[in-house]
Amino acid sequence: RAAWRGVDESVGASIAEQGGFVVCGFPGAEHIDALGATMLEFFRQGDDAKRAIASKSTDADGPAVYRGYKSSLDPGAWAYNEMFDVGPAEPHPGPPVEGMHHFAEANTWPAVEPCPGWRAAMDEYYCLMLGVGVAVMRSAGRAVGIDDIVLTAGFEQGNHTLRLLNYPPRPAGHVTVDERDHPDGPRIAAARHTDVSGVSLLWQRGPGQQAAGPDGTWRDVPMLDGTVSVHLGTVLHLMTGGRIPATPHRVIAHGGARQSIGFFVEPGLATRLAPLDAPVDDVHASYGWHLQERFHSMRGYADVGPSPVLAADSSTSSHESLS
């Protein structure tokens with residue numbers, strides 16, 4: 001317990017002063033660089049192989065809605081990248097709201113492994129990061145006086161997301177939305193955002209990741225062997241009544257290619273997004289409801305399912321937007 005207190009104090013101080021931190025020395029840390037290199041072989045596949053498992057936001061005829069391959073390589077998009085998402089082997093269903101099943105859909109996998117051992121590396125990395133993410137979340141909770149077991153109970157049936165990301169070199173003249181709206185600012189490969197998760201863990205190959213602390217200062221996230229950086233998500237912010245603030249972050253373009261791997265620890269789709277000690281009748285939306293609300297407004301998703309509507313008192317409910 002004494003050792004935990006020291007770690008918790010360090011985690012709490014890092015969140016309060018810089019918004020995030022880098023973790024090392026966790027079980028399996030010595031393997032993650034090799035796992036990451038194997039997993040990112042996904043992007044060496046041809047376009048046909050990737051689009052065969054595309055989400056409908058990328059290909060209207062794609063087999064998936066929430067999982068699979070996604071491309072944001074068009075001018076004016078919020079980011080210039082492509083990604084591949086998977087969740088747990090057996091997703092947990094959400095509340096009985098029309099369209100909610102999309103967020104508990106099965107994974108789509110390449111017909112042929114991008115390289116030998118790729119699928120095994122994906123599975124091993126998923127398990128490693130889930131353990132790290134839960135440990136980080138418990139430590140962050142203890143740092144602000146929240147019972148760690150109570151805090152993580154809502155995440156036990158989460159459909160946690162593993163995401164491979166690729167930022168190819170951009171063609172001349174291509175701009176993202178931030179560059180278009182702020183032409184005199186830095187070159188932006190992914191615009192400022194906070195993650196809709198409890199905790200996000202990022203392994204990166206190539207510079208560019210920045211995080212902002214409560215003081216608004218953008219700081220480069222260091223790349224160190226055997227480490228992952230930690231960003232706190234909007235979900236944890238809501239569940240703790242703001243005691244654990246979400247971490248704004250972005251990706252600065254450096255002219256060359258960049259790759260990274262994100263892991264997002266997510267609550268169960270039925271978990272309510274409100275302070276843990278709030279009365280049940282003060283809660284008007286679940287995590288799944290907010291996911292549906294968010295995705296309905298995104299490019300390529302408007303026609304996939306209905307705009308989310310609460311069954312009870314929907315006309316008077318108010319919901320904090322998750323960005």
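**Exercise 1.** Which residues of α2 are buried (under 20% relative accessible area, with a 1.4 Å probe and protein chains only)?

*Solution.* The model is predicted: local features need pLDDT of at least 70, side-chain atom pairs count only at pLDDT 80 or more, and totals for chains, interfaces and linings use all residues. Residues are numbered from 1 along each chain as its sequence is written, and side-chain values use heavy atoms, with hydrogens and water left out.

Step 1. Ile32, Leu35, Gly36 and Met39 are the buried residues of α2.

Step 2. Viewed along the axis of α2, these residues fall within an arc of 100° (taken from the directions from the helix axis to the C-beta atoms), so they line one face of the helix.

Step 3. Their packing partners are α4, β4, β6, β9 and β11, where contact means heavy atoms within 4.5 Å.

**Exercise 2.** Determine the strand order of the open sheet and its edges.

*Solution.* Step 1. Helices (H or I, at least four residues) and strands (E, at least two) are DSSP runs numbered from the N terminus; two strands pair if DSSP finds at least two bridges between them.

Step 2. The 7 strands follow the order β1-β9-β6-β11-β4-β3-β2, with antiparallel pairing.

Step 3. β1 (20-23) and β2 (68-72) each pair on one side only and are the edge strands.

**Exercise 3.** Describe the pairing of β3 with β4.

*Solution.* Step 1. β3 (residues 81-86) and β4 (residues 161-167) are antiparallel and share 5 bridges.

Step 2. Within β4, Leu164 is the bridge partner of Phe84.

Key
Buried < 20%, exposed > 50% of the residue type's maximum accessible area, 1.4 Å probe, protein only.
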